[in-house]
Amino acid sequence: MELPTSKSGSICASCKKPKFELRARRSRLMKETPLLLCGDCYDKKYEPRYLVVMAGRRYGIDYIGAVLRKHLYIGADITAEEILK
Ligand SMILES: [Zn+2]
């Protein structure tokens with residue numbers, strides 16, 4: 001599987017801001033998912049919020065524990081209720 005190439009004027013998968021330049025990397029939680037991230041989110045090792053929830057549902061809360069503790073995503077805290085519902 002190829003990583004997507006950076007396109008100008010795309011939207012960051014994590015913070016949803018339109019950015020001139022995005023960097024490609026695979027999600028650390030959902031290994032098969034390629035992400036396009038802005039420099040900020042890339043450097044901070046952020047994951048898209050929906051993807052953290054999805055990984056929690058698929059693999060369990062323990063699996064995403066480090067991401068939750070360090071809040072490595074944009075947006076409100078992800079609660080156990082959100083993952084279990
Ligand atoms: Zn971003």
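Start with the largest nonpolar core, which has 16 residues; select Cys12, Leu29, Leu36, Leu37 and Val52, the members that touch the most others. Two elements, strand 4 (34-37) and helix 2 (49-59), each give two or more residues to this core. A nonpolar core here is a set of buried Ala, Val, Leu, Ile, Met, Phe, Trp, Tyr and Cys residues joined through C-beta atoms within 7 Å. Nonpolar side chains tend to be buried together in soluble globular proteins.

Before going further, note that this is a predicted model, in which local features need pLDDT of at least 70, side-chain atom pairs count only at pLDDT 80 or more, and totals for chains, interfaces and linings use all residues. Residues are numbered from 1 along each chain as its sequence is written.

Next, show the whole protein chain as a cartoon. The protein chain has four helices and four strands, and from the N terminus the order is β-β-β-β-α-α-α-α. These elements are DSSP runs numbered from the N terminus: helices are H or I with at least four residues, strands E with at least two. Of the 85 residues in the protein chain, 25% are buried. Buried means that 20 or more other C-beta atoms lie within 10 Å of the residue's own, exposed means 12 or fewer, and partly exposed is in between, with C-beta atoms placed from the backbone. Among contacts between residues at least 6 apart in sequence, 42% join residues at least 24 apart; a contact requires C-beta atoms, placed from the backbone, within 7 Å.

Now centre on Cys12, in the loop between strand 1 (10-11) and strand 2 (18-19). Why does Cys12 count as buried? Because Cys12 has 22 C-beta neighbours inside 10 Å. Leaving out residues up to four places away in sequence, select what Cys12 touches: Lys17, Lys19, Leu22, Leu36, Leu37, Cys38 and Cys41. For one of these pairs, draw a distance between C-alpha atoms: Cys12 and Leu22, 10 residues apart along the chain, are separated by 6.8 Å.

The phi of Lys45 is positive, near 60°, in a residue other than glycine. Most residues other than glycine have a negative phi. Lys45 is partly exposed because 14 other C-beta atoms lie within 10 Å.

The last stop is His71, in the loop between helix 3 (65-70) and helix 4 (80-84). His71 is not a glycine, yet its phi is positive at about 55°. With 14 other C-beta atoms within 10 Å, His71 is partly exposed.

Note on methods
Two residues are in contact if their C-beta atoms, placed from the backbone, lie within 7 Å.
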